[in-house]
Amino acid sequence: MSQWLAVALALLAALCLAVGTQRQGSAVADRTHGRLTPRALLALLVNHRWLLGLSLLGLGTALNVAALGLATVTVVQPIGVVALVVTTLLHARHRRLRINRRTWTAIGLCTAGGAVFVTCAVAATDPAHGISAWAEHTVVVMLVVLVCVLGVSAALFRRGLGGTFYVVAAGILYGFVAVLVRLTITRIQGSAGQLLDDVNWLAVGAAVVAAALGGWFVQTAFATGPPDLVIAGLTVIDPMVGVLLGLLVLGEAGPGFSVVTGVLMAVAGGVAIVGVAVLSQHHPEVLARRAEFAARAELARRDLPGAGTQAPGPSPAGPDRPAHHRPGSHA
């Protein structure tokens, strides 16, 4: 019964995360132009829409933590895929976009894959399974290494990294954070002395740092794409990481886990990933941006000196310049 209560809390959390993500994503997109700078982030800190989104994300996180206190990571995390559907509908309404057939197909794939995954997870995991100290230390060490690698990569190659990197990196980090939250709650619930006597503060610190870095990655991803694409990546990658850690490191697999169940979960996860891939290629806002970029490229090509008599390609006169800087131009 507690697992299904956890599912209900996780659904409420997904709704809060969906609305909060859409609010924050639209606020970031309106304040930035493809790149999030520290100055733009400071401006967002006084933006009412962004702050509303932050509040909803905080509420959603609290509900998700409550769900993790009642069920395993393997059960709770995949439910976040519901947020994808809600975010897509809200964003389409906000931008006055018409959701095309392939976008609906992608949403259906993500939702169906997530639903099958959750059903298998509820039947195949043991919520009463105890976590060993070795397993917890392993997760912490893995996360510390991951934070260092991703943080250094983002610092050194930030100009060459696209939105996909930030979405994938944030999803992986949040998957680890969910696992450590579950472990911390388990320690608190099983403490024989004072409430916080058995808490692993190194795990708590690693989770806080990872959550902060993941938050920066998400905000950066908002600046480069629609929020439903961002949350699509997160709602697939986050639970996959959490499930893999739960099954392979924490040993959460119960008596109901079998080869058939594992294959079904793998297929369901694959279907959800395909849905994300389709969404990233055929989302109406992505198509609109492609058309806009193509139109700009065509205008730039036509604006090149001699473009009317030469084949498309680099102009022998050198790089294109604004019209008011070119000789003979009266623009």
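Of the contacts (heavy atoms within 4.5 Å) in the protein chain that link residues at least 6 apart in sequence, 80% join residues at least 24 apart. This is a predicted model, in which local features need pLDDT of at least 70 and side-chain atom pairs count only at pLDDT 80 or more, while totals for chains, interfaces and linings use all residues. Residues are numbered from 1 along each chain as its sequence is written, and side-chain values use heavy atoms, with hydrogens and water left out.

View 1. Helices (H or I, at least four residues) and strands (E, at least two) are DSSP runs, numbered from the N terminus. The order of elements from the N terminus is α-α-α-α-α-α-α-α-α-α-α-α. Of the 331 residues in the protein chain, 44% are buried, where buried means under 20% relative accessible area, exposed over 50%, and partly exposed in between (1.4 Å probe, protein chains only). The accessible surface is about 16,600 Å², and carbon and sulfur atoms account for 69% of it. Accessible areas come from the Shrake-Rupley method with a 1.4 Å probe; for residues, only the protein chains shown count as cover.

**View 2. Confidence along the chain.** The mean pLDDT (the predictor's confidence in each residue, from 0 to 100) of the protein chain is 77, and 83% of the residues score at least 70. Among the elements, the lowest mean, 68, belongs to helix α4 (residues 73-76), and the highest, 90, to helix α7 (residues 133-156). In residues 307-331 the pLDDT is below 50, and this stretch has 21 contacts in the model beyond near neighbours in sequence. Where pLDDT is low, the predicted coordinates should not be read in detail.

**View 3. Helix α7 and its packing partners.** The 24 residues of α7 reach 35 Å from first C-alpha to last, close to the 34 Å expected at 1.5 Å a residue; the expected span is 1.5 Å times one less than the number of residues. Its buried residues include E136, V140, L143 and L150. The buried residues of α7 pack against α8 (163-189), α9 (201-222) and α10 (227-249).

**View 4. G162, in the loop between α7 and α8.** G162 counts as partly exposed because its relative accessible area is 39%. From C-alpha to C-alpha, G162 and T224 are 7.7 Å apart in space, although 62 residues apart in sequence.

**View 5. Helix α10 and G233.** In α10, 19 of the 23 residues are buried, so the helix is mostly covered. The end C-alpha atoms of α10 are 32 Å apart, which agrees with the 33 Å that its 23 residues should span at 1.5 Å a residue. G233 is found in this helix and is buried, because its relative accessibility is 5%. Leaving aside residues up to four places away in sequence, G233 touches V167, D238 and V276. After α10 comes G251, with a positive phi near 70°.

**View 6. A nonpolar surface patch.** L42, L45 and V46 make a nonpolar surface patch of about 320 Å². L42 is placed in helix α2 (residues 38-44) and is exposed, because its relative accessible area is 59%. Patches are made of residues with over 30% relative accessible area and no salt bridge, with like charges joined within 9 Å and nonpolar side chains (Val, Leu, Ile, Met, Phe, Trp, Tyr) within 5 Å. A salt bridge is a side-chain nitrogen of Lys or Arg within 4 Å of a carboxyl oxygen of Asp or Glu.
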